[in-house]
Amino acid sequence: MTFQIKRVYDDAERADGARVLVDRLWPRGIKKEALGLELWCKDIAPSADLRAWFDHRADRFGEFTKRYTAELDENSAVDDLLELESQKKTVTLLYGAKDRELNQAVVLKDYLESARK
């Protein structure tokens, strides 16, 4: 069983398993049919206030991680993703951010992997 992350702008692959969009907002320039989604999990995304505060600034990523993790601790959508992974074996968390290392999907993947242990 595994979680992986991928930008929505990257090509879909068979190895992606269940593809889940984890952004609150739909990514620009992408048609729904093109993503091949199993689920759009808006509720798992950071709150609008937290997302606006973070603003994808590298100097805020550590604090963003703490705050987003606290939000995830109270979020029932976490259980939905863990259940999906138990059924599908591979879940690809799709995100739209340009930065591949400093984004909410990175934090979410780490959180989900820790939660299933």
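User: Does Val20 count as buried or exposed?

Analyst: Happy to start there. This is a predicted model, where local features need pLDDT of at least 70, side-chain atom pairs count only at pLDDT 80 or more, and totals for chains, interfaces and linings use all residues. Residues are numbered from 1 along each chain as its sequence is written, and side-chain values use heavy atoms, with hydrogens and water left out. Buried means under 20% relative accessible area, exposed over 50%, and partly exposed in between, using a 1.4 Å probe and protein chains only. Val20 has 0% relative accessibility, so it counts as buried.

User: Where does Val20 lie, and which residues is it in contact with, leaving aside its neighbours within four places in sequence?

Analyst: Helices (H or I, at least four residues) and strands (E, at least two) are DSSP runs, numbered from the N terminus. Val20 belongs to strand β2, residues 18-21. Contact means heavy atoms within 4.5 Å. With those sequence neighbours set aside, Val20 touches Leu37, Leu39, Cys41, Leu81, Leu84, Val91, Thr92, Leu93 and Leu94.

User: How do I read a helix such as α5, and what does it pack against?

Analyst: An α-helix has 3.6 residues a turn, so residues three or four places apart point the same way. For length, the expected span is 1.5 Å times one less than the number of residues. Helix α5 has 12 residues and reaches 16 Å from its first C-alpha to its last, close to the 16 Å expected. Its buried residues are Gln104, Ala105, Val106, Val107, Leu108, Tyr111, Leu112 and Glu113. These buried residues of α5 pack against β1 (2-7), α3, α4 and β4 (90-95).

User: At what angle do α3 and α5 cross, and which residues meet there?

Analyst: Axes are lines fitted to C-alpha atoms, for helices over the stretch in contact, and angles run from 0 to 180 degrees between N-to-C directions. Angles under 35 degrees count as roughly parallel, over 145 as roughly antiparallel, 65 to 115 as roughly perpendicular and the rest as oblique. The axes of α3 (residues 61-73) and α5 (residues 104-115) come within 10 Å and cross at roughly 50°, so the two helices are oblique to each other. On the α3 side, Phe61, Phe64, Thr65, Tyr68, Thr69, Leu72 and Asp73 meet Gln104, Val107, Leu108 and Tyr111 of α5. By class, this contact of α3 with α5 has 7 nonpolar, 3 polar and 1 charged residues. Here Ala, Val, Leu, Ile, Met, Phe, Trp, Tyr, Cys and Pro count as nonpolar, Asp, Glu, Lys and Arg as charged, and the others, Gly among them, as polar.

User: How does α4 cross α5?

Analyst: The axes of α4 (residues 77-88) and α5 come within 11 Å and cross at roughly 70°, which makes α4 roughly perpendicular to α5. Val78, Leu81 and Leu82 in α4 meet Leu108, Tyr111, Leu112 and Ala115 in α5. The residues of this contact divide into 7 nonpolar, no polar and no charged.

User: Which loop holds Lys89, and what is its phi?

Analyst: Lys89 sits in the loop between α4 and β4. Its phi is near 75°, a positive value in a residue other than glycine. Lys89 is partly exposed, with a relative accessible area of 46%.
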